[in-house]
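Trainee: I am new to this structure and would like to go through it step by step. Please show it first.

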Amino acid sequence: MTEIISQARGFLATSQPEKALEILTPHIASNSQSPEFLAILGETLLENNELQQAYNVLIHACELDPEAALGVEKFLYLGQIIGGADGLNYINVGLNKLNDILANIAEGNSGNGPSQEELSKGGYKNVEEYKQWAIKKLNSGVFASIEIWMTDLCMEPEAESKCNELIDFSLSIDPNNPESLSILSSIRISQQRQQDAIEALKKSWELFKLKKTKLEDFANKKEENEDNGAGDNNDAFEVGMEYVELIQPLVTLSRYAVELEQYDTAIDIASNIQDINDTILDAFYIEALSNLFKAKQISSTSDHKATANEEFDYRELEISQLKETPEIKQLLSDTRSTLTSAYKIINSELGVENDPVLIEQVNELLNQLGGPIMSELMPKRENLDDEEEVNWEEEIASDNE
């Protein structure tokens with residue numbers, strides 16, 4: 001059964017949840033009392049958008065292993081599904097177990113740390129890898145708890161203090177975690193602490209950039225080693241997955257940057273997302289929106305002022321109201337060009353995978369700017385020598401006969 005679970009995890013890691021479910025399904029009846037099997041099954045059902053079934057499976061898994069002795073993930077997933085105070089209770093079971101694991105690792109120097117058997121069973125090469133896994137899972141649970149406090153329980157009197165407490169804990173165990181700083185920025189936005197939010201945003205982005213660069217350098221070295229007949233395919237795969245996993249937190253961070261009016265930072269983040277994957281519609285929309293808001297901000301600086309009764313928001317300006325300076329014209333041109341790239345994605349085979357609301361936002365903005373740039377939609381023709389040009393013309397003539 002360990003092999004089946006491992007295969008399923010492999011499919012989930014490569015975004016193939018339907019294949020993971022396919023190999024797990026024949027074994028459900030014979031493993032209905034196995035918390036470890038049910039945990040991976042619940043996760044797989046979640047990835048296949050079978051929310052109710054996932055809930056039923058994970059509830060049963062947690063009942064069979066109430067102290068998370070056989071894995072914490074099921075409690076973290078179930079807590080996020082349920083939400084509210086009950087959801088926090090499930091998440092806390094997982095967090096308590098992970099804290100015990102970290103405490104056990106800390107005792108390693110005195111000979112009371114995790115055994116080699118424990119490391120081998122979990123598939124960890126060494127204690128440090130085990131520790132990093134525990135910290136990553138802890139942060140996952142902490143982030144889920146913060147989300148619940150900021151949404152379901154936001155009206156509770158202790159919501160703000162709980163968010164502060166949780167993010168402080170996250171940063172205490174992993175002070176250079178860019179995602180923790182991104183969430184700190186979100187918390188400060190909700191608290192209307194603008195400057196603190198901007199500082200956290202910028203620090204988060206610097207750390208994300210550093211992480212992205214390190215992954216790229218590592219991947220390039222791996223590629224060189226493989227060309228020379230050396231290298232580990234498993235390591236290369238893990239680095240590749242970690243690289244792709246940067247996309248979603250970077251999309252989130254770029255949205256915070258727009259909200260904080262840090263448009264150059266938002267554009268920089270969006271551009272780096274496109275480096276990782278040039279078909280992410282959010283990245284093009286955020287870059288376009290940032291360029292447009294920059295143009296409106298520049299145009300409004302001298303023309304519009306807040307009155308005593310009404311605060312003017314430059315973002316509400318119509319495009320037709322903008323001043324026609326060279327800088328603003330260039331920003332509008334950049335906006336239209338970026339949206340044209342987004343238009344290509346929408347009208348490709350990948351278009352159906354995108355959020356319909358986002359597609360509508362892209363099209364609406366593009367229409368305001370006069371539609372896509374037609375020359376950028378045309379396929380690029382390669383340079384042809386004279387002989388090829390003659391053959392090309394003859395072929396057309398032949399087709400017309």
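Trainee: What percentage of the residues in the protein is buried?

Mentor: This is a predicted model, in which local features need pLDDT of at least 70, side-chain atom pairs count only at pLDDT 80 or more, and totals for chains, interfaces and linings use all residues. Residues are numbered from 1 along each chain as its sequence is written, and side-chain values use heavy atoms, with hydrogens and water left out. Buried means under 20% relative accessible area, exposed over 50% and partly exposed in between, with a 1.4 Å probe and protein chains only. Of the 401 residues in the protein, the buried share is 40%.

Trainee: How many helices and how many strands does the protein have?

Mentor: Both are DSSP runs numbered from the N terminus: helices are H or I with at least four residues, strands are E with at least two. By that rule, the protein has 0 strands, and its helices number 19.

Trainee: Are the rings of Y263 and F293 stacked, edge-to-face or tilted?

Mentor: Rings of Phe, Tyr and Trp (its six-membered ring) pair if their centres lie within 6.5 Å; planes under 30 degrees apart are stacked, over 60 edge-to-face and the rest tilted. The structure holds 3 aromatic pairs. In the pair of Y263 and F293, the centres are 5.7 Å apart and the planes at 55°, so the pair is tilted.

Trainee: How many residues apart in sequence are the parts that this pair ties together?

Mentor: Y263 and F293 are both buried. Because Y263 lies in helix α14 and F293 in helix α15, the pair ties together parts whose separation in sequence is 30 residues.

Trainee: Which residues does D268 contact, leaving aside its neighbours within four places in sequence?

Mentor: D268 is also in helix α14, which covers residues 263-276. Its relative accessibility is 29%, so D268 counts as partly exposed. Contact means heavy atoms within 4.5 Å. With those neighbours left aside, the contacts of D268 are W205 and K209.

Trainee: Which residue has its backbone nitrogen 3.0 Å from a polar atom of the T340 side chain?

Mentor: T340 is in helix α16 and is buried, with a relative accessible area of 0%. Not counting residues up to four places away in sequence, T340 touches L366, P372, I373, E376 and L377. The backbone nitrogen at 3.0 Å belongs to I373.

Trainee: How many disulfides does the count come to?

Mentor: A disulfide is a pair of cysteine sulfur atoms within 2.5 Å. C154 is in no disulfide, as its nearest cysteine sulfur, that of C163, is 9.5 Å away. C154 is partly exposed at 40% relative accessibility, whereas C163 is buried at 4%. The count of disulfides is 0.

Note on methods
A polar contact is a pair of N or O atoms within 3.5 Å; within protein, one must be able to donate a hydrogen and the other to accept it, and residues adjacent in sequence count only if both atoms are side-chain atoms.
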